[in-house]
Amino acid sequence: MSQVFTVREPAEAEYEIKRSRFIAVIAPTADGTELEAFLTGLARRHPQASHLTYAWRIETPQGLRERAFDAGEPSGTAGRPILTHLQGRQLVNVCLAVIRYFGGIKLGAGGLARAYGHAAKQVLEQARIVPHVIYRRVEAEVDYARFQNLERQLAPLGARILDADYGPRVKVILEVPEDNLGELERLLASH
């Protein structure tokens, strides 16, 4: 799989053309719950907006899912230009929404597509884009003596302990970047 990216935190940018305001907001959204919370929050913040358009791309166990929504604008003039920018930057686990406050002057289909695309581009220029790392969970059992040094050994792999259950041996749940899964398995098998 080629390198993909995401955003670390929300970013916002505003663009105005012919008295219409376009407010673009991007946020990390790893699943449907975060996506819904983000869009609901924007709708609450902008109850007087003419349109709340968006596009999202989310990695799921079944693969990449993506959607564009025009929110009543002419088909393909809002969500599609936003989605095109997300695809062009290979962004995943994000939602980019553009809120429009209509200024009274119609922009036409081409003008709308350019305006929504420009707003999306502006917020992407402000966003902190970082490589997207896919983590895998691993369960293992280790001796108490080994457990004391485990965190130090995990750090170079970018892995961390999520949970530990102390019984005759320590049962741990670990999280590791997918690219380092083999190395973690070798580390655990060596002791």
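What are the helix and strand percentages over residues 141–189, and how far apart are the end C-alpha atoms? Over that stretch the chain is 41% helix and 35% strand, with the end C-alpha atoms 10 Å apart; helices (H or I, at least four residues) and strands (E, at least two) are DSSP runs, numbered from the N terminus. This is a predicted model, in which local features need pLDDT of at least 70 and side-chain atom pairs count only at pLDDT 80 or more, while totals for chains, interfaces and linings use all residues. Residues are numbered from 1 along each chain as its sequence is written, and side-chain values use heavy atoms, with hydrogens and water left out.

**View 1**
An open sheet is formed by five strands in the order S2-S3-S6-S4-S5, with antiparallel pairing; two strands pair if DSSP finds at least two bridges between them. Strand S2 (11–17) and strand S5 (63–69) are the edge strands, each pairing on one side only. Direction ignored, neighbouring strands of this sheet are turned by 10 degrees against each other on average; axes are lines fitted to C-alpha atoms, for helices over the stretch in contact, and angles run from 0 to 180 degrees between N-to-C directions. UniProt places the feature "domain: Impact N-terminal" (unreviewed entry) at residues 18–124, in the numbering used here, with feature names shortened and annotations that may be inferred rather than shown by experiment. Over residues 18–124 the chain is 38% helix and 32% strand, and the end C-alpha atoms lie 22 Å apart.

**View 2**
Strand S4 (residues 51–60) and S5 run antiparallel and are joined by seven bridges, and the two strands form a hairpin with two residues between them. Within this pairing, Ala55 stands opposite Ala68 in S5, and Trp56 stands opposite Arg67 in S5. Which strands does helix H2 touch as it packs on the sheet? Helix H2 (residues 79–88) touches strand S3 (20–28), S4, S5 and strand S6 (94–101), and its direction makes about 35 degrees with that of S4; contact means heavy atoms within 4.5 Å. Helix H3 (residues 108–126) also packs on the sheet, touching S2, S3, S4 and S6, with a direction that makes about 145 degrees with that of S2.

**View 1. The contact of H2 with H3.**
Two packed helices are described by the angle between their axes and the distance between the axes. H2 and H3 pack at an angle of about 35 degrees, with their axes 8 Å apart, and their crossing is right-handed; a crossing is left-handed if the near helix is turned anticlockwise from the far one by less than a right angle, and right-handed if clockwise. From H2 the contact takes Pro81, Ile82 and His85, and from H3 it takes Ala113, Tyr116, Gly117, Ala120, Lys121 and Leu124. By class these are six nonpolar, two polar and one charged residues, where Ala, Val, Leu, Ile, Met, Phe, Trp, Tyr, Cys and Pro count as nonpolar, Asp, Glu, Lys and Arg as charged, and the others, Gly among them, as polar.

**View 2. Two loop residues with positive phi.**
Ala71, in the loop between S5 and H2, has a positive phi of about 50 degrees although it is not a glycine. Gln90, in the loop between H2 and S6, is likewise a residue other than glycine with a positive phi, near 55 degrees.

Three strands form an open sheet in the order S8-S10-S9, and the pairing is antiparallel. Strand S8 (135–142) and strand S9 (160–166) stand at the edges with a single partner strand each, so one side of each is left without a neighbour in the sheet. From one strand to the next the twist averages 20 degrees. S8 pairs with strand S10 (residues 170–177) over eight bridges in the antiparallel sense, and Arg136 stands opposite Val176 in S10. H4 packs on the sheet, touching S8, S9 and S10, and its direction makes about 170 degrees with that of S9.

UniProt places the feature "domain: UPF0029" (unreviewed entry) at residues 141–189. The axes of helix H4 (residues 144–154) and helix H5 (residues 181–189) come within 12 Å and cross at roughly 155 degrees. H4 and H5 are therefore roughly antiparallel to each other; angles under 35 degrees count as roughly parallel, over 145 as roughly antiparallel, 65 to 115 as roughly perpendicular and the rest as oblique. The crossing of H4 and H5 is right-handed. Arg146, Leu150, Gln153 and Leu154 in H4 meet Leu184, Leu187 and Leu188 in H5, a contact whose residues divide into five nonpolar, one polar and one charged.
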